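Subject: Structure handover

Hello,

Here is the structure we talked about. Please open it alongside this note; the findings follow.

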Amino acid sequence: PTMRRIIQNALNRIGISNTINAENGKDALAKLAENDVGMIITDWNMPEMNGEEFVRAVRSTAEYASIPILMVTTRGMKDDVLTAVKLGVNGYVVKPFTIEVLKAKITDIVS
């Protein structure tokens, strides 16, 4: 909850306020089914369904396969980044991050 609030505040500061929050990957999949989503920001470490499982589920569903995904996580090892890219993540931000970095990554993946 704390990290979601930090990211939400950062998004608000860069002018993005139309967001949907999910508690974990399973909750996010349920919310994807109910909403039109233009971009996904996810973490690697989540309860119930981790980020890797979540990204695999999103990318394997034709309806969601083209939604840009930004992974924001503490996992900054090269192997983690490569794994995320292979899974289909469009951008990767390592925590802690600045608002400028978040804005730049979002701009990169939605442009």
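Ile41 stands opposite Leu70 in β2. Strand β1 covers residues 40-42 and β2 covers residues 69-73; three bridges join the two, and they run parallel. Strands count as paired if DSSP finds at least two bridges between them. Helices (H or I, at least four residues) and strands (E, at least two) are DSSP runs, numbered from the N terminus.

Before the rest, two notes on the source. This is a predicted model, so local features need pLDDT of at least 70, side-chain atom pairs count only at pLDDT 80 or more, and totals for chains, interfaces and linings use all residues. Residues are numbered from 1 along each chain as its sequence is written, and side-chain values use heavy atoms, with hydrogens and water left out.

The sheet

β2 and β3 pair in the parallel sense, over four bridges. In β3, Tyr92 is the bridge partner of Met71. The three strands form an open sheet in the order β1-β2-β3, with parallel pairing. β1 and β3 stand at the edges with a single partner strand each, so one side of each is left without a neighbour in the sheet. On average, neighbouring strands of this sheet are turned by 20° against each other, direction ignored. The axes here are lines fitted to C-alpha atoms, for helices over the stretch in contact, and angles run from 0 to 180 degrees between N-to-C directions.

β2 is mostly covered: five of its five residues are buried. Buried means under 20% relative accessible area, exposed over 50%, and partly exposed in between (1.4 Å probe, protein chains only). Ile69, Met71 and Thr73 point one way from β2, Leu70 and Val72 the other way, and all are buried.

Helix α4

Which residues of α4 are buried? In this helix (residues 78-87), they are Asp80, Ala84 and Leu87. Seen down the axis of α4, its buried residues fall within an arc of 60°, so they line one face of the helix. The arc is that of the directions from the helix axis to the C-beta atoms. On the other side of α4, Lys78, Asp79, Val85 and Lys86 are exposed. The buried residues of α4 pack against α3 (51-59) and β3 (91-94). Contact means heavy atoms within 4.5 Å. Gly88 follows α4, and its phi is positive, near 110°.

Two buried loop residues

Val89 is found in the loop between α4 and β3. Val89 is buried, at 8% relative accessible area. Leaving aside neighbours within four places in sequence, Val89 is in contact with Val55, Ile69, Met71 and Ala84. Val89 and Val101 are twelve residues apart along the chain, and their C-alpha atoms are separated by 17 Å.

Trp44 sits in the loop between β1 and α3. With 4% relative accessibility, Trp44 counts as buried. Not counting residues up to four places away in sequence, Trp44 touches a list of residues including Asn50, Met71, Asp80, Ala84 and Tyr92. Trp44 and Val89 are 45 residues apart in sequence and 11 Å apart in space, C-alpha to C-alpha.

Helices α1 and α5

The axes of α1 (residues 2-13) and α5 (residues 99-110) come within 10 Å and cross at roughly 75°. That makes α1 roughly perpendicular to α5. For the terms: angles under 35 degrees count as roughly parallel, over 145 as roughly antiparallel, 65 to 115 as roughly perpendicular and the rest as oblique.

Ala10, Leu11 and Arg13 in α1 meet Ile99, Leu102 and Ile106 in α5. The residues of this contact divide into five nonpolar, no polar and one charged. Ala, Val, Leu, Ile, Met, Phe, Trp, Tyr, Cys and Pro count as nonpolar, Asp, Glu, Lys and Arg as charged, and the others, Gly among them, as polar.

Gln8 also lies in α1. Gln8 is buried, with a relative accessible area of 13%.

Backbone points to check

The peptide bond from Lys95 to Pro96 is cis, with omega near -10°. Pro96 is in the loop between β3 and α5. Glu48 is not a glycine, yet has a positive phi of about 70°. Glu48 lies in the loop between β1 and α3, and at 59% relative accessibility counts as exposed.

Best wishes
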